[in-house]
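Subject: Structure handover

Hello,

Here is the structure you asked for, followed by notes on what was found in it. Please read the notes with the coordinates open.

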Amino acid sequence: MNPIPTGLGAYEINHCMRVARLCKLWMDSMPWLQLDWCRLIAAAQVHDFGKRRIIPAILNKKDRLTETDWAEIQRHPEWSKDWINSQAGDSMIALIAYQHHESPNGKGYPTKTKDILPEAAVLKICDVYDALTCDREYRKGYSQETTLIIMQEEARNEKLSGVFMGLFLKVIAPPQLPLPLGTIS
Ligand SMILES: [Fe+2]
């Protein structure tokens, strides 16, 4: 793939790199899982690159998002997919990135599909962990303990894969093994 495209902020780039590192931790910890690890990690590195097309006034907005703002933000998986296809031509990497906001309950975006690649389900867990533990303009990052409580609730509500969330808790982020928090790493 070509170098990082213009129009992305430091937060988005660093977030993608941290999420990719978390995905690699999954690979190192659970190599027996039948996942396409190379494509998962590649997708993680660029999964939010579509955000370069979001208007900066919306992307960096500190106030509450309007419906229009939200509709614009929800297009970023599609734009990430388009960018990946234009650069690498690997449709599987593009599809993993495209599905990183889909939910098992069919209420995710952009398509509300329940037919989610397992790689995309793992990517979503890593994405949510990093996003919640990061300091943002509008809130401080949550601790690992609080983040895992929030994520377990999301798994109960089928916003996250229950199976992969179970593995995340058991293998990747048990309470006795603190992971780096988003902003720190
Ligand atoms: Fe995203």
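Where does Arg139 lie? Arg139 is in the loop between H7 and H8. This is a predicted model, and everything below should be read with that in mind.

Arg139 first, then. Lys62 is 77 residues away from Arg139 in sequence, but the two C-alpha atoms are 9.8 Å apart in space. Gln152 and Glu78 make a second pair: they are 74 residues apart in sequence and 27 Å apart from C-alpha to C-alpha. Gln152 lies in helix H8, and Gln152 counts as partly exposed because it has 16 C-beta neighbours inside 10 Å.

Overall fold

The chain has nine helices and zero strands, and along the sequence the pattern reads α-α-α-α-α-α-α-α-α. The C-alpha atoms fill a box of roughly 40 × 35 × 30 Å along the principal axes. For 185 residues, a compact globule would have a radius of gyration near 16 Å; the chain has 15 Å, so the value agrees with that rule. Of the 185 residues, 39% count as buried. Among contacts with a separation of 6 or more, 64% are between residues 24 or more positions apart.

The core

The largest nonpolar core has 43 residues, and those with the most contacts inside it are Cys23, Ala44, Val122 and Ile125. At least two residues of this core come from each of H1 (10–29), H2 (37–46), H5 (76–87), H6 (91–98), H7 (118–133), H8 (144–156) and H9 (162–172). The largest share, nine residues, is supplied by H7.

H7 is mostly covered, with 14 of its 16 residues buried. The length of H7 also agrees with expectation, because 16 residues at 1.5 Å a residue should span 22 Å and the end C-alpha atoms are 23 Å apart.

H2 is mostly covered as well: seven of its ten residues are buried. These are Leu40, Ile41, Ala42, Ala43, Ala44, Gln45 and Val46. What covers the buried residues of H2 includes H1, H5, H6 and H7.

H9

Which residues of H9 are buried? They are Phe164, Met165, Phe168 and Ile172. They lie on the same side of H9, because they cover an arc of only 105° around the axis. The general rule behind this is that an α-helix has 3.6 residues a turn, so residues three or four places apart point the same way. The buried residues of H9 pack against H1, H7 and H8. On the face of H9 turned away from the buried side are the exposed residues Val163, Gly166 and Lys170.

Backbone points to check

Three places in the loops deserve a note. Most residues other than glycine have a negative phi, and most peptide bonds are trans.

- The peptide bond from Tyr109 to Pro110 is cis, with omega near 10°. Pro110 is found in the loop between H6 and H7.
- Lys112 has a positive phi, near 65°, and is not a glycine. Lys112 is also placed in the loop between H6 and H7. Lys112 counts as exposed because it has 11 C-beta neighbours inside 10 Å.
- Glu158 has a positive phi of about 60° although it is not a glycine. Glu158 is found in the loop between H8 and H9. With 15 other C-beta atoms within 10 Å, Glu158 is partly exposed.

Regards

Terms used. Residues numbered from 1 in each chain as written. Predicted model: local features only at pLDDT ≥ 70, side-chain atom pairs only at ≥ 80, totals over all residues. Core = buried A, V, L, I, M, F, W, Y, C linked by C-beta atoms within 7 Å. Buried ≥ 20, exposed ≤ 12 C-beta atoms within 10 Å, placed from the backbone. Helix = DSSP H or I, 4+ residues; strand = E, 2+ residues; numbered from the N terminus. Rg over C-alpha atoms; globule rule 2.2 N^0.38 Å. Contact = placed C-beta atoms within 7 Å. Arc of directions from axis to C-beta. Expected span 1.5 Å × (residues − 1).
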